[in-house]
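Morning, everyone. Please bring up the model on your screens. I'll talk you through it in a few minutes.

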Amino acid sequence: MKKADKILILVLLFLAVGFAVFFFLRADVGGYVRITADGEVKAELPLSEDTLFRVETDTGYNIITVQDGYVSMQEADCRDQICVEHKKIHLTGETIVCLPHKLVVEIVGEKEAEFDMVVG
Amino acid sequence: MQGKQVAYYGLFAALAILMGYVEMLIPIPLLVPGMKLGLANVIVVIVLYFMDARAAFFISLVRVLLSGLLFAGFAGLLYSLAGALFSLGVMTLLKKTDKFSIIGVSVAGGVFHNIGQILVAALVVENIKLMYYLPFLLFFGVATGIIIGVVARMTLGYLNRRL
């Protein structure tokens with residue numbers, strides 16, 4: 001390994017730790033879960049209530065569950081099933097993404113739920 | 001193009017596709033969307049050093065298109081393509097500076113593969129929040145990049161003696 005290699009690796013690891021600290025300091029247990037399909041907000045549900053939510057898009061359906069303050073993707077007819085296998089989430093900023101359906105499930109804080117943070 | 005070159009292109013393209021397939025067979029816990037071992041990157045790094053950037057570009061392109069067609073379906077094609085080309089671009093630049101060894105080049109390739117994929121994913125779902133996973137992907141990209149660099153260097157030593 002050359003010197004430049006070591007510098008590169010150190011810088012990347014430093015960035016990773018920096019970002020991680022930044023995200024985790026900001027993260028707390030979220031208040032709401034926001035479900036967005038194709039850039040459009042479909043629902044904002046409180047984490048305090050256990051619910052099942054079904055989203056229909058042109059490409060298929062997803063069923064999102066809220067239970068004991070945790071959110072997970074219970075079922076989806078997407079091809080890769082990455083969203084279904086994703087661990088359940090509950091901290092602000094955590095997301096479950098179903099790329100084939102362009103669907104994002106994200107945890108937002110109490111105040112943040114008022115604003116639409118979707119870009120584009 | 002000489003016959004030998006044609007044979008190398010075919011051989012490395014086939015190996016790259018095979019590596020992608022082997023990777024799909026290994027079940028890794030999916031903590032983070034976009035997390036990949038990047039085994040196919042071993043071949044791309046080897047080609048970059050054993051042949052040149054042009055060859056690495058075409059072999060990446062063939063690999064992504066054929067893997068998409070054979071296994072993954074075209075839906076994931078855009079992400080793979082973005083990741084592969086972004087990663088190769090950065091690796092080519094770093095190699096040109098001559099300041100980095102194959103390990104540094106491979107680490108940059110691994111990390112930028114992940115960043116390229118997550119950028120396209122963020123654009124498609126129109127949600128920049130996907131950046132939440134960046135630290136994991138950076139860390140993971142560094143780890144796999146080092147391993148891939150070491151493997152590529154060992155393989156290159158063998159290739160240069162034999163071919």
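Predicted model: local features only at pLDDT ≥ 70, side-chain atom pairs only at ≥ 80, totals over all residues.

Residues are numbered from 1 along each chain as its sequence is written, chains are lettered from A and ligands numbered from 1 in the order in which they are written, and side-chain values use heavy atoms, without hydrogens and water.

Now chain B. How many helices and strands does chain B have? There are 6 helices and 0 strands. Here helices (H or I, at least four residues) and strands (E, at least two) are DSSP runs, numbered from the N terminus. So the order reads α-α-α-α-α-α from the N terminus on.

Chain B has 163 residues, and 50% of them count as buried. Buried means under 20% relative accessible area, exposed means over 50%, and partly exposed is in between (1.4 Å probe, protein chains only). Chain B exposes about 7600 Å², with 74% of that supplied by carbon and sulfur atoms. Those areas come from the Shrake-Rupley method with a 1.4 Å probe; for residues, only the protein chains shown count as cover.

Next, contacts, meaning heavy atoms within 4.5 Å. Take the contacts in chain B with a separation of 6 or more: 71% of them are between residues 24 or more positions apart.

On to the rings. Rings of Phe, Tyr and Trp (its six-membered ring) pair if their centres lie within 6.5 Å; planes under 30 degrees apart count as stacked, over 60 as edge-to-face, and the rest as tilted. Over all chains, that rule gives 5 aromatic pairs.

Look at B:Tyr8 and B:Phe50. Their ring centres are 5.4 Å apart and their planes sit at 70°, so this pair is edge-to-face. B:Tyr8 is in helix α1 (residues 3-25) and B:Phe50 in helix α2 (residues 40-50), 42 residues apart. Buried or exposed? Both B:Tyr8 and B:Phe50 are buried.

Now B:Phe86 and B:Phe112. Their centres are 5.6 Å apart with planes at 80°, so this pair is edge-to-face too. B:Phe86 lies in helix α4 (residues 77-97) and B:Phe112 in helix α5 (residues 102-124), so the pair ties together parts 26 residues apart in sequence. B:Phe86 is partly exposed, at 33% relative accessibility. B:Phe112 is partly exposed, at 25%.

Last, chain A. A:Arg54 lies over the face of A:Tyr61, 4.4 Å from the ring centre. The rule: NZ of Lys or CZ of Arg within 6 Å of the ring centre and within 35 degrees of the ring normal. A:Lys88 lies over the face of A:Tyr70, at 4.8 Å.
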